[in-house]
Amino acid sequence: MNPAVSAVTDRIIERSRPTRSAYLSLIERERDGWIGRPRLGCANLAHAYAGTPEDRDAMKTQTQAMNIGLVTAYNDMLSAHAVYYRYPEQMKVWAREVGATAQVAGGVPAMCDGVTQGYPGMELSLFSRDTIALSTAIALSHGTFEGAALLGICDKIVPGLLMGALRFGHLPMILIPGGPMPSGLPNKAKAAVRERFAEGQATRDELLDAEIQAYHTQGTCTFYGTANTNQMMMEVMGLHMPGAAFVNPGTKLRQELTRAAVHRLPRIGVHGDDYRPLGRCVDEKAIVNAAVGLLATGGSTNHLLHVPAIARAAGIVIDWEDFDRLSAAVPLLARVYPNGSADVNGFEAAGGMPFVIRELLDAGYLHRDIMTVAGGDLTDYGSAPTLDGDALTWAPAGPTRDDTILRPAAAPFSPDGGMRILQGNIGRACIKVSAVERDRWVVEAPARVFADQLEVLEAFKAGELERDVVVVVRFQGPRANGMPELHKLTPPLGVLQNRGFRVALVTDGRMSGASGKVPCAIHCSPEALPGRDGVGGAIALIRDGDLIRVDAEAGTLEALVPADEWAARTPAAAPPAATGMGRELFGMFRGLADEAEKGASAILAGAGL
Ligand SMILES: O=C(O)C(=O)C[C@H](O)[C@H](O)COP(=O)(O)O
Ligand code: SF4
């Protein structure tokens, strides 16, 4: 085992000992306390079965067989989730094939961050993750399931499903992916049209045509953003069927992988021959694997929030220092847009997750001995699924099929994972440098301060940013306005950078997993908005013209202001809380949320987890 990975794992196990022990006691009590429907009253059971009379006789007589709860995030707003429309009816048929039954336990909401990007709805995005966790708990709280299948793919949905499902961690569960859409307009070509539009050199019709060519059908968008990082993570945690992550929707292979997952669930149930409850699958080593996979593939910065939140739901504590230490040791094996030109279909064709997992296992970066849903250990996930006639089978991953996209651990794109923690008098922030040219890892320039991303776009259009500049956008933290992604800033800041200016962004908000190219110090903590103690983060002290240094080489984030003047400054006043688009309904979440490094979750903070 790589010594740094081993040391961080030990650090997490030791730090988590009390909370992990409490968690394991909970799921053992739950397993012994209520699993199995015989404990439910007859009226309760009759209500539970009335919705699916076609399976009632089977469910009435089940003593050892499994009733599978389907928790689905289907809707037409996410191209990735639209594929789930007919999944439940198919999965019920496949459940019957193995003497089990399946019912839709409940639906969970799913926001498409692509639709809300740059608009007020984005301020609901992060807390939609808590809402999904609450909805998952509501679905599973019927107590009529001995296992569950979680149908979710995108940004906040997989983290939310897991945060809720882990509180029912005595049950076996399998994540059911849908797969990426076939490639359309390449991401770099799409980004180029956006930059031309930002410069007034492309019309709105030209831009709309380009965007529709990029996002052209059902399936997950093909950039390596948060959604596809979720899929990677489910592989290295062993929560998918092996190699299910990036098989395209509507294919026979996709269908057989879903069918295999349904057939697998009863086997890993409490009455099965290989009990594998979710709460045991998600242990400290699986969480470290998630962090290692994130770093080795250049995944989304949003997982610096999601992995801590998922871990907390299982009694495990991981912090940004752990990520920083792992990043210094874990090599970068993949270049997928925004960290390269290829999309996830190109990544899959080059060898995909089976190649990455085999490489990281053999080089000692991933924990092999985790409890996966597939039955063995993580070794199985170094093999790729394929069809032998109609039969699903797996073949060990071979060498990379394209070394501009995937490289072996012995010859990586970079010796480290490209995520850094920056610290200094402005606070503690994260930066992803795997998508940033090396000569832009250090930017020192005068600040231009904003409290809203739309103001930045206005200033850019007015030509006020045509210089070296560190754009500071604050009051974007979890408690201020729900910590929106500020991805709409990527094209204008990219244009300024293309024009030769030294440009960086500093914010207590987030970026999209699809953001790249411009150095961004994000998730700055403490956030600008004062906490319950009345004290806000130092990002609120920055003034226009202050010299700011973002230094990903040294790991520092500094306002170059004399210490005595800095200490004497009065923080900027917070803008009033916005209303409209439902934002006022999420005031409860904003009020309860704790800091980004702990996962920025209201429900985990409120539950004292
Ligand atoms: O990966 C993430 O974290 C995302 O949130 C992706 C967002 O959905 C982007 O908004 C979609 O990418 P664009 O089409 O460039 O807007
Ligand atoms: S990947 Fe992002 S933009 Fe694409 S469907 Fe999912 S949430 Fe929407």
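1. Let's start with the record. UniProt, in an unreviewed entry, puts the feature "binding site" at C154 and C221. These two are spread over 68 residues of sequence, yet they cluster in space, with a largest C-alpha distance of 9.4 Å. Positions from UniProt are given in the numbering used here, feature names are shortened, and annotations may be inferred rather than shown by experiment. C154 itself has its place in the loop between β3 (147-151) and α7 (157-165). Helices (H or I, at least four residues) and strands (E, at least two) are DSSP runs, numbered from the N terminus.

2. Some housekeeping before you go on. This is a predicted model, where local features need pLDDT of at least 70 and side-chain atom pairs count only at pLDDT 80 or more, while totals for chains, interfaces and linings use all residues. Residues are numbered from 1 along each chain as its sequence is written, and chains are lettered from A and ligands numbered from 1 in the order in which they are written.

3. Now look at ligand 2. Which residues are around ligand 2? They are L78, S79, A80, C112, D113, G114, C154, D155, T220, C221, G225 and A227. To be near a molecule or strand, a residue must have its C-beta atom, placed from the backbone, within 6 Å of it. By class, this shell around ligand 2 has six nonpolar, four polar and two charged residues. The classes work like this: Ala, Val, Leu, Ile, Met, Phe, Trp, Tyr, Cys and Pro count as nonpolar, Asp, Glu, Lys and Arg as charged, and the others, Gly among them, as polar.

4. Ligand 1 has 14 residues around it, and D113, Q117, G225, T226 and G513 come nearest. Two helices, α5 (113-116) and α10 (226-236), each supply at least two residues of the shell around ligand 1. The shell around ligand 1 divides into two nonpolar, nine polar and three charged residues. Why does ligand 1 lie between domain 1 and domain 2? Because domain 1 (3-182 + 217-328) and domain 2 (419-575) both give residues to the shell around ligand 1.

5. A bit more on those domains. Their bounds come from an automatic or database domain assignment. Taken over C-alpha atoms, the centres of domain 1 and domain 2 are separated by 34 Å. The contact takes 27 residues from domain 1 and 22 residues from domain 2; residues are in contact if their C-beta atoms, placed from the backbone, lie within 7 Å. On the side of domain 1 that touches domain 2, α6 (125-140), α10, α14 and α15 (320-329) each supply at least two residues. The biggest giver there is α15, with five residues. That side of domain 1 divides into eleven nonpolar, twelve polar and four charged residues.

6. Residues 405-600 are 17% helix and 23% strand, and the end C-alpha atoms lie 33 Å apart.

7. Next, a helix pair. The axes of α13 (residues 284-297) and α14 (residues 303-313) come within 10 Å and cross at roughly 170°. Axes are lines fitted to C-alpha atoms, for helices over the stretch in contact, and angles run from 0 to 180 degrees between N-to-C directions. So α13 and α14 are roughly antiparallel to each other; angles under 35 degrees count as roughly parallel, over 145 as roughly antiparallel, 65 to 115 as roughly perpendicular and the rest as oblique. I287, A290, A291 and L294 of α13 make the contact with H303, V307 and A311 of α14. The residues of this contact divide into six nonpolar, one polar and no charged.

8. Here is another pair to look at. Helix α8 (residues 187-198) and helix α20 (residues 490-498) pack at an angle of about 85°, with axes 9 Å apart, which means α8 is roughly perpendicular to α20. R194, E195 and A198 of α8 meet P491, P492, G494, V495 and N498 of α20.

9. Finally, some backbone details. A cis peptide bond joins Y337 and P338, with omega about 15°, and P338 is in the loop between α15 and α16 (344-350). The bond from S525 to P526 is cis too, with omega near -5°. K517 has a positive phi of about 70° although it is not a glycine.

How values were computed
Contact = placed C-beta atoms within 7 Å.
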